[in-house]
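This briefing goes through the fold as a whole and then through a selection of individual residues. Please read it alongside the sequence and the model.

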Amino acid sequence: MTVVLNSFGNDTALSWNAVLANLPVYGQVYDTLVTISGDGAPEPDLAESWQVSEDRLTYTFTLRERVPFHKGYGDLTADDVVFTAQKWLEPSSTGFTAQAIRSNVASVEKVDDRTVSFHLKKPNPFFLESLGDTAWILSRRYVEKVGDKTAAREPVGTGPFEWTSTSAGSQVTFTRVKGHFARDADYPTLVLRVIPDVSTQLAALESGEVDVVQVAGDTLKRAKSQNFKIMETRDATQSWVVLPGLSAPATSDYRPQMPWVGDSKDPASAKNAKTVRHALAMAIDKEEIVKSIYAGAGATDSFGYYVRKGFPGYSEAWKPLSYDPDQARKLLAAAGYPNGFSIKLVDSGGASETSAITQAIGQYWEAIGIDVKLSKLDPATVIANNQSRSKSADYAVVYSVPGAMKPSASTRAIASTGGFRFVVNDAETDAEIARIVQESDAKARAALIETMMSRLIDEQYGLQIAVQNATFAVSGRVAGWTLQAGNGSPNNYQFITLAGR
């Protein structure tokens with residue numbers, strides 16, 4: 001089975017340094033303590049059960065019995081979990097999981113060979129979410145024997161596929177593991193190939209070189225015209241425009257002079273800024289983006305930032321602002337900008353649809369009198385600039401986030417103390433997030449999330465565009481594929497079923 005990827009992420013198999021883009025590459029080599037279902041609920045994986053202390057500060061996990069590591073490195077024990085967790089806690093660890101664990105966990109303790117306890121700094125109802133995704137558990141014996149450098153290139157885990165070989169960063173080969181506790185794959189070998197050009201990807205599928213290609217836009221249309229079977233998961237990616245300068249006054253990227261930011265201490269200025277944001281949102285023809293750029297594989301359903309349908313706190317009452325360029329011009333005039341203003345808009349590339357959306361938005365804004373300065377930056381630079389704050393304060397950018405991003409992302413990515421600013425940072429939002437994290441009752445917590453998101457959507461701090469489905473064209477060898485709900489990347493390789501079986 002050969003699956004095409006756009007890249008190998010940061011190409012490390014170490015969970016303490018891995019980013020989300022590494023999941024399609026190495027996720028199948030490993031397992032995690034818990035998995036997160038499509039509705040955001042934690043489910044057992046390597047941990048068959050867990051208990052939470054009355055004060056909600058200690059989570060104690062009971063591990064599955066007789067789960068073997070690949071290549072003869074013995075069965076999983078609490079020692080492996082503690083070893084991996086200690087790596088997450090090291091300040092030098094830069095990965096997605098490591099950052100989340102360090103913010104939550106004070107210490108990790110082995111109780112016995114099958115039991116391990118995580119002690120939190122303070123109660124956090126979202127803690128279990130941080131133990132999914134790239135929170136892969138590694139073999140202590142293996143890493144201590146070969147070192148981090150080798151373990152990053154030649155991973156050993158407990159997952160349904162065992163790493164076999166890597167070819168110059170362009171191809172990774174895996175072998176099926178028999179007797180995995182979740183499911184054995186139908187096929188003996190999995191090959192992941194990087195083919196950056198989308199046209200070349202589809203050509204490889206047409207020639208029979210590969211079995212799975214992610215398609216979107218024009219390539220989706222082409223795949224359908226050639227009668228390839230399309231596998232799809234809905235609401236896989238949320239996209240919105242991140243506007244610069246929307247930060248707390250004490251932060252380095254706060255820009256009150258920008259028309260869409262305004263002075264938070266001046267009610268009239270703040271009101272005009274909200275009017276400008278509404279004008280910018282109403283200038284975007286979201287239905288046309290779904291039709292032309294997503295090739296119909298999406299919807300303009302509204303969403304909370306990082307909160308999609310099915311997640312706690314989602315509300316059907318959230319509606320996007322309708323496309324109305326005439327009203328957008330009137331709103332700009334009412335806010336004091338009858339002749340528009342200038343804005344820098346960055347095309348971050350990444351996916352071909354991102355570039356197409358960015359260019360379309362530039363044209364929509366120019367149509368209402370905005371002077372758009374369009375430029376390009378690679379995705380890695382955009383992320384780095386966002387983390388550094390001040391470097392991202394001068395341009396707007398289209399941001400796309402996986403629909404499978406966990407509910408806690410709505411708190412971690414919006415708080416001014418977080419590592420990113422992809423919506424807004426302000427004191428009111430920080431206070432709302434503090435209440436959400438402190439609330440132990442699930443229903444009450446969902447209500448708080450809904451209240452916060454309703455306010456953020458009304459303000460249009462991030463200009464909502466649409467949700468996109470993940471679509472994959474597959475060869476005739478593939479009979480079916482159970483995809484993870486809301487996941488926009490290739491996943492669940494062991495659940496690809498072969499025709500004729």
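**Briefing on the predicted model**

Leaving out residues up to four places away in sequence, Tyr142 touches Tyr73, Gly147, Thr150, Ala151, Glu154 and Val156. Tyr142 has its place in helix α4, and with a relative accessible area of 6% the residue is buried, since buried means under 20%.

**Overall fold**

- The protein contains 15 helices and 19 strands, and its radius of gyration of 23 Å is close to the 23 Å that the globule rule gives for 501 residues, so the protein is as compact as a globular protein of that length.
- Among contacts between residues at least 6 apart in sequence, 68% join residues at least 24 apart.
- The side chains include 50 positive and 56 negative ones, and the centres of these two sets lie 2 Å apart.

- In soluble globular proteins, nonpolar side chains tend to be buried together.
- The largest nonpolar core here has 72 residues, and the members that touch the most other members are Leu33, Phe61, Trp88, Phe118 and Leu131; helix α2, which covers residues 78-89, gives the most to this core, with 7 residues.
- Apart from this core lies another one, of 70 residues, which includes Val241, Leu280, Tyr395 and Val437.
- Trp88, when residues up to four places away in sequence are not counted, touches Ser15, Trp16, Ser93, Thr97, Ala98, Ile101, Arg102, Phe118, Leu131, Ala135, Trp136 and Ile137, and of these partners Phe118 and Leu131 are also named among the core members that touch the most others.

**Buried residues in loops**

- Asn22 is found in the loop that runs between β1 (2-5) and α1 (23-26), and this residue is buried, with a relative accessible area of 0%.
- The contacts of Asn22, not counting residues up to four places away in sequence, are with Phe8, Gly9, Asn10, Asp11, Thr12, Gly27 and Trp136; Trp136 is also one of the residues that Trp88 touches.
- Tyr294 is found in the loop between α9 (286-293) and β13 (298-299), where it counts as buried at 1% relative accessibility.
- Leaving out residues up to four places away in sequence, Tyr294 touches Gly217, Leu220, Ser239, Ile289, Glu353, Ile357, Ala466, Val467 and Gln468; one of these partners, Val467, is 173 residues from Tyr294 in sequence, while their C-alpha atoms are 9.4 Å apart in space.

- Asp133, although it is not a glycine, has a positive phi of about 50°, and it is found in the loop between β7 (115-120) and α4 (140-146).
- Asn492 likewise has a positive phi, near 50°, in a residue other than glycine, and it lies in the loop between β18 (478-481) and β19 (496-498).
- With a relative accessible area of 19%, Asn492 counts as buried because the cut-off is set at under 20%.

**Helix α8**

- Leaving aside neighbours within four places in sequence, Lys274 is in contact with Asp458 and Glu459.
- Lys274 and Trp260 are 14 residues apart along the chain, and their C-alpha atoms are separated by 6.5 Å.
- Ser269 is also found in helix α8, and, with neighbours within four places in sequence left aside, it is in contact with Gly262 and Asp263.
- Ser269 and Pro259 are 10 residues apart along the chain, with a separation of 8.7 Å between their C-alpha atoms.

- Tyr142 and Glu109 are 33 residues apart in sequence, and the distance between their C-alpha atoms is 21 Å.

Terms used: Residues numbered from 1 in each chain as written. Predicted model: local features only at pLDDT ≥ 70, side-chain atom pairs only at ≥ 80, totals over all residues. Heavy atoms only, no water. Core = buried A, V, L, I, M, F, W, Y, C linked by side-chain atoms within 4.5 Å. Buried < 20%, exposed > 50% of the residue type's maximum accessible area, 1.4 Å probe, protein only. Helix = DSSP H or I, 4+ residues; strand = E, 2+ residues; numbered from the N terminus. Contact = heavy atoms within 4.5 Å. Rg over C-alpha atoms; globule rule 2.2 N^0.38 Å. Lys, Arg positive; Asp, Glu negative; His and termini not counted. Charge placed at Lys NZ, Arg CZ, Asp CG, Glu CD.
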